[in-house]
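Please keep the model open while going through them.

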Amino acid sequence: MNLKIIFKRFVLIDLAIVILLIISIFFQSEIVTTFNETINPENNMSDMLAILAIIYLIAWLVSLYLLYKFKPIGKQIYLFVFIFGSILSLLMGINAFGPIEYLIEGLSWATSGAILALLYFSPIKKEFDK
């Protein structure tokens, strides 16, 4: 199978997984919701973190589009967004996830790692030099 097709499928899978993660948040179990409210009674997420999360989501969507179209700037933006997202997740504080959300988030990290590995350690990196 062509490496370009595989890479494009990973980009689409990454998008689908995050959409699933957003949808799964609305179907959290009552136990997880109660636990999160007990741990963070005042809802620890400030307005600044919410704005940063929205900016992160927009930048992530733009980077996925640029990667899908093999634009050279997409490679740098995706790496920056990945690092920024890692830092942002540390700033979000303590949260519990149900088993479905936990699985989907793990798949998201794995897919992002596969995209980064393909971007920097495979022949696909030559597609971004054109």
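1. Phe7 and Phe70 are both buried, and I would begin with these two residues while bearing in mind that the model is a predicted one. Their rings form a tilted aromatic pair, with 5.7 Å from centre to centre and 35 degrees between the planes. Because Phe7 belongs to helix 1 and Phe70 to the loop between helix 3 and helix 4 (72-91), the pair ties together parts that are 63 residues apart in sequence.

2. Phe70 also pairs with Phe128, and this pair is tilted because the ring centres are 5.4 Å apart and the planes stand at 55 degrees. Phe128 sits in the segment after helix 5, so that the pair links parts of the chain 58 residues apart. Phe128 is buried, as is Phe70, and together with Phe7 these residues make up one aromatic cluster.

3. Leu67, a residue of helix 3 (residues 47-68), is buried with a relative accessible area of 0%. If residues up to four places away in sequence are not counted, Leu67 touches several others, among them Phe7, Val11, Ile115, Leu119 and Phe128.

4. Helix 1 (residues 3-25) packs against helix 5 (residues 99-121) at an angle of about 155 degrees, and their axes are 9 Å apart. That angle makes helix 1 roughly antiparallel to helix 5, since angles over 145 degrees count as such. The residues making this contact include Phe7 and Val11 of helix 1 and Ile115 and Leu119 of helix 5, and the contact residues divide into 15 nonpolar, 4 polar and 3 charged.

Methods:
Residues numbered from 1 in each chain as written. Predicted model: local features only at pLDDT ≥ 70, side-chain atom pairs only at ≥ 80, totals over all residues. Heavy atoms only, no water. Helix = DSSP H or I, 4+ residues; strand = E, 2+ residues; numbered from the N terminus. Buried < 20%, exposed > 50% of the residue type's maximum accessible area, 1.4 Å probe, protein only. Contact = heavy atoms within 4.5 Å. Axes fitted to C-alpha atoms, helices over the stretch in contact; angles between N-to-C directions. Parallel < 35°, antiparallel > 145°, perpendicular 65-115°, else oblique. Nonpolar A, V, L, I, M, F, W, Y, C, P; charged D, E, K, R; others polar. Phe/Tyr/Trp six-rings, centres within 6.5 Å; stacked < 30°, edge-to-face > 60°.
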